[in-house]
Amino acid sequence: MVFTQLKDENVVANGAYVTHGAPGFEILSSIRADTLLASSPKNALLSDHDGAMEPSSFYMLRYHRDRMLHAAEDLGWADTCDTIAGPSGLGLLRQVLLSYFVSESGRYGPPKPLKLRVTIDFTGYISITSTPLPPLHPSSLFPLLLSSLPASIGRASSPQSWRVTIYPISVSPSLFTRHKTTERSVYNEARSFILKRLPDADRADSLLNEVLVVNQDDEVMEGSITTPYFWRGNRWVTPPAAAGGHTGTTRRYALEAGLCVEETVMRDSIEPGESIWLSNGARGWGWGVVEMQE
């Protein structure tokens, strides 16, 4: 069964109307849409199938599709798998995103980068909403290496600097921490807990405030909206999938590009004022400084 849907209306599939179904959550991925990416050979390689090099305005699209497909497989959502699996599924997803991006990006002037919030339910129903994103230098999207001191590169080279804190309440790994879905209560609670303790001026730019979540064994799982990277043993490490967090798209890129390795990071190994890297599937790479909450 193959069908596409851009907004919230019902959609005809095989002659019948298809509407949202029962599980109460959807698989989710947030994808950067940026016309500058269409000129990037590296993005073309990471966005098409089997090494094809078709230009793409969508950041690491194939990695996003692969992650959504893995979630659908673990959930046993056969119709969702049928919709996005294989070259045809990737092509379908690309076409849905492109139609939306073309219609939305130029509505108020020249095309601007967008964060596409893409959801797909157990029937294969795809929905998209969007919010604007700031422009980024290509080095913030495809770093060749991670410097040993993120903060030393300065704001001019890395416009994204994050304030990072640690959620003091342990989180139990589950299907909803291993896969990104619209059931994000754990992450919403963690962000709310931290943000309400910030001064109003700092709370205003909430997206650049990050909180690390830790499992019941005091192992860092991930950030609420980013993948963190820590300098350990003269190399960059990121928490292993076994800790219970998402296997994010930029995390996959970093591991495959040799920018980091997997290694357990314990809560008590993190120092106040420690500089770390953070990555996100819509915002690329930036650096953060850990602040300890009282």
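Predicted model: local features only at pLDDT ≥ 70, side-chain atom pairs only at ≥ 80, totals over all residues.

Visitor: Where is the place of proline 23?

Guide: Proline 23 sits in the loop between strand 2 (16-18) and strand 3. Residues are numbered from 1 along each chain as its sequence is written, and side-chain values use heavy atoms, with hydrogens and water left out.

Visitor: Why is proline 23 called partly exposed?

Guide: Buried means under 20% relative accessible area and exposed over 50%, with partly exposed in between, using a 1.4 Å probe and protein chains only. Proline 23 has a relative accessible area of 37%, so the residue counts as partly exposed.

Visitor: What does proline 23 touch, leaving out residues up to four places away in sequence?

Guide: Contact means heavy atoms within 4.5 Å. On that basis proline 23 touches Trp77 and Phe122. Proline 23 and phenylalanine 122 are 99 residues apart along the chain, yet their C-alpha atoms are separated by 7.6 Å.

Visitor: What makes threonine 182 partly exposed?

Guide: Its relative accessible area is 27%, and therefore threonine 182 is partly exposed. Threonine 182 is in the loop between helix 6 (175-178) and helix 7. From threonine 182 to glutamate 26 the C-alpha distance is 5.4 Å, although the two are 156 residues apart in sequence. Beyond its neighbours within four places in sequence, threonine 182 is in contact with Phe25, Glu26, Leu28, Arg117 and Thr119.

Visitor: What share of the chain is buried?

Guide: Of the 294 residues in the chain, 50% are buried. The chain has 9 helices and 13 strands. Taking contacts between residues at least 6 apart in sequence, 66% join residues at least 24 apart.

Visitor: What makes a set of residues a nonpolar core?

Guide: The residues must be buried Ala, Val, Leu, Ile, Met, Phe, Trp, Tyr or Cys, joined through side-chain atoms within 4.5 Å. In soluble globular proteins, nonpolar side chains tend to be buried together. The largest nonpolar core here has 27 residues, and Ile27, Phe58, Leu97, Leu116, Val118 and Ile128 have the most contacts inside it. Two or more residues each come from strand 3 (27-33), helix 2 (61-75), helix 3 (78-84), helix 4 (86-105), strand 4 (114-120) and strand 5 (126-132). Helix 4 gives the largest share of this core, 7 residues. Apart from it lies another core, of 18 residues, including Leu46, Met60, Leu146 and Trp285.

Visitor: How do you know that methionine 60 is buried?

Guide: The relative accessible area of methionine 60 is 0%, so the residue is buried. Methionine 60 also has a positive phi, near 55°, in a residue other than glycine. Most residues other than glycine have a negative phi. Methionine 60 lies in the loop between helix 1 (41-47) and helix 2.

Visitor: Is asparagine 234 buried or exposed, and why?

Guide: Asparagine 234 is exposed because its relative accessible area is 67%. This residue is not a glycine, yet its phi is positive, about 60°. Asparagine 234 is found in the loop between strand 9 and strand 10 (235-238).

Visitor: Why is cysteine 81 called buried?

Guide: Cysteine 81 has 15% relative accessibility, so the residue counts as buried. Cysteine 260, at 5% relative accessibility, counts as buried too.

Visitor: How many disulfides does the structure hold?

Guide: The structure holds 0 disulfides, a disulfide being a pair of cysteine sulfur atoms within 2.5 Å.

Visitor: What makes a space a cavity?

Guide: On a 1 Å grid over the protein atoms alone, a cavity is a set of points where a 1.4 Å probe fits but cannot get out, and lining residues have an atom within 4 Å of a point. Grid points are joined across faces, edges and corners, and the volume is the space filled by probe spheres set on the points. There are 2 cavities of 30 Å³ or more. The largest cavity holds about 50 Å³ of space. Its lining includes Met221, Glu222, Thr227 and Arg251.

Methods. Helix = DSSP H or I, 4+ residues; strand = E, 2+ residues; numbered from the N terminus. 1 Å grid on protein atoms, 1.4 Å probe; cavity = no way out; pocket = protein on both sides within 12 Å on 5 of 7 lines; lining within 4 Å.
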